[in-house]
Amino acid sequence: MDAIDQQFGGNRLWKPTRAHLHWVHHMIDRGTYDDNLGRQLHAVAGKFTTSLGWFSYDSGLQAQARQYFSEALNAAMLTGDDALASRTLSIMSRQAVDLDKGREAVRFARLAQAHSKEWHAPARVAALLAIREAQGYARIGDSFNCEAAIKRAWTEWEHGPGERDPDWTSFLNLAELTCLEGMCRLDLGQSSRAQQLLATSEGLQDVAHSRNRGMCLGRLSAAAIGTGDIDHSIDATKETLRLVQGGMSSNRALTQLEIVRDGLAPHHRARGVKDLLEQIHALVA
């Protein structure tokens, strides 16, 4: 399911994941098992709950997502699962940025870092949590702390992958970390730098990460508008539309298209913009 999410988005995944979670809870409540298997069942339930929160978030079901994140975090606290707490808080930080709650995003990222120390998390986890913190700072316009967090993220990432890396950090490849820095730059108003980074990231993305590529393209389009590069904004938006029409089902990508539509609207007289605005409207109306 995580692989499907990376390629197509979470819109079609939250319902089947919820069904799987209900079945795991049924086994926990009605099954017969020893303590060791019980711990494994609770661990599986925690992972499913966090994934369900992520799929809900990607589908635009923000209140539902926060409910599942709270449940997963409670489960992590009760079972002493610091890795689950780190993962859940990392996603909560990402969601807080999208909800324009930058300070909350920073708090979640820092709390995740505290939990990560309890299980001696590897460098890839440290890199992810640092860039989450950077995104929170970027959203509130704190360029000094954002720069410091970005630097920490790249320093940790350059340690390379390791055998202890959890599967939930596997998405953080070169393309994605570059994209996340580009998003920080965009939030800080550094449109030119953001466009460079996002264009680089988009060129590095592969088919298995089509949803992330779509998100990157949406930000690239917004950055190009910020630099007055309308032609490149049009090209990036067209490619985003192609991905959505090809089966990518991420509500976050559609929300980004709405932002791009609003940014392109003042340029409606430019060649190709009017037709593009109509295509976006038909898709997100």
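**Entry 1. Ground rules.** I number residues from 1 along each chain as its sequence is written. The model is predicted, so local features need pLDDT of at least 70 and side-chain atom pairs count only at pLDDT 80 or more, while totals for chains, interfaces and linings use all residues; side-chain values use heavy atoms, with hydrogens and water left out.

**Entry 2. Helices α5 and α6.** I looked up how α5 (residues 82-98) packs on α6 (residues 102-118). Helices here are DSSP runs of H or I, at least four residues, and strands are runs of E, at least two, numbered from the N terminus. The angle is about 165° and the axes are 8 Å apart. Axes are lines fitted to C-alpha atoms, for helices over the stretch in contact, and angles run from 0 to 180 degrees between N-to-C directions. α5 and α6 are therefore roughly antiparallel (over 145 degrees; under 35 is roughly parallel, 65 to 115 roughly perpendicular and the rest oblique). The crossing of α5 past α6 is left-handed, meaning that the near helix is turned anticlockwise from the far one by less than a right angle.

**Entry 3. Residues between them.** I took contact as heavy atoms within 4.5 Å. From α5, the contributing residues are D82, A85, S86, L89, S90, M92, S93, A96 and V97. From α6 they are G102, E104, A105, F108, A109, L111, A112, H115, S116 and E118. By class I noted ten nonpolar, six polar and three charged residues. Nonpolar covers Ala, Val, Leu, Ile, Met, Phe, Trp, Tyr, Cys and Pro; charged covers Asp, Glu, Lys and Arg; the others, Gly among them, are polar.

Entry 4. S93 belongs to α5 and is buried at 1% relative accessible area (buried is under 20%, exposed over 50%, partly exposed in between, with a 1.4 Å probe and protein chains only). Leaving aside neighbours within four places in sequence, S93 touches A105, F108, A109 and R132. R110 sits in α6 and is partly exposed at 45%. With the neighbours within four places again left out, R110 is in contact with E133 and Y137. I also checked R110 against V273, 163 residues along the chain: their C-alpha atoms are 42 Å apart.

**Entry 5. Aromatic pairs.** The structure holds three aromatic pairs; I wrote up two of them. Rings of Phe, Tyr and Trp (its six-membered ring) pair if their centres lie within 6.5 Å; planes under 30 degrees apart are stacked, over 60 edge-to-face and the rest tilted. W54 and Y57 are edge-to-face, 5.1 Å centre to centre with 65° between the planes. They are three residues apart in helix α3 (residues 35-58), which means about one helical turn between them. W54 is buried at 14%, and Y57 is buried at 0%.
W154 and W157 are also edge-to-face, at 5.8 Å and 75°. Both lie in helix α8 (residues 143-157), three residues apart, about one turn. W154 is buried at 19%, and W157 is buried at 16%.

**Entry 6. Positive phi.** Most residues other than glycine have a negative phi. I noted D100, with phi near 60°, in the loop between α5 and α6; D100 is exposed at 54%. I also noted H120, with phi near 50°, in the loop between α6 and α7 (123-139); H120 is exposed at 63%.
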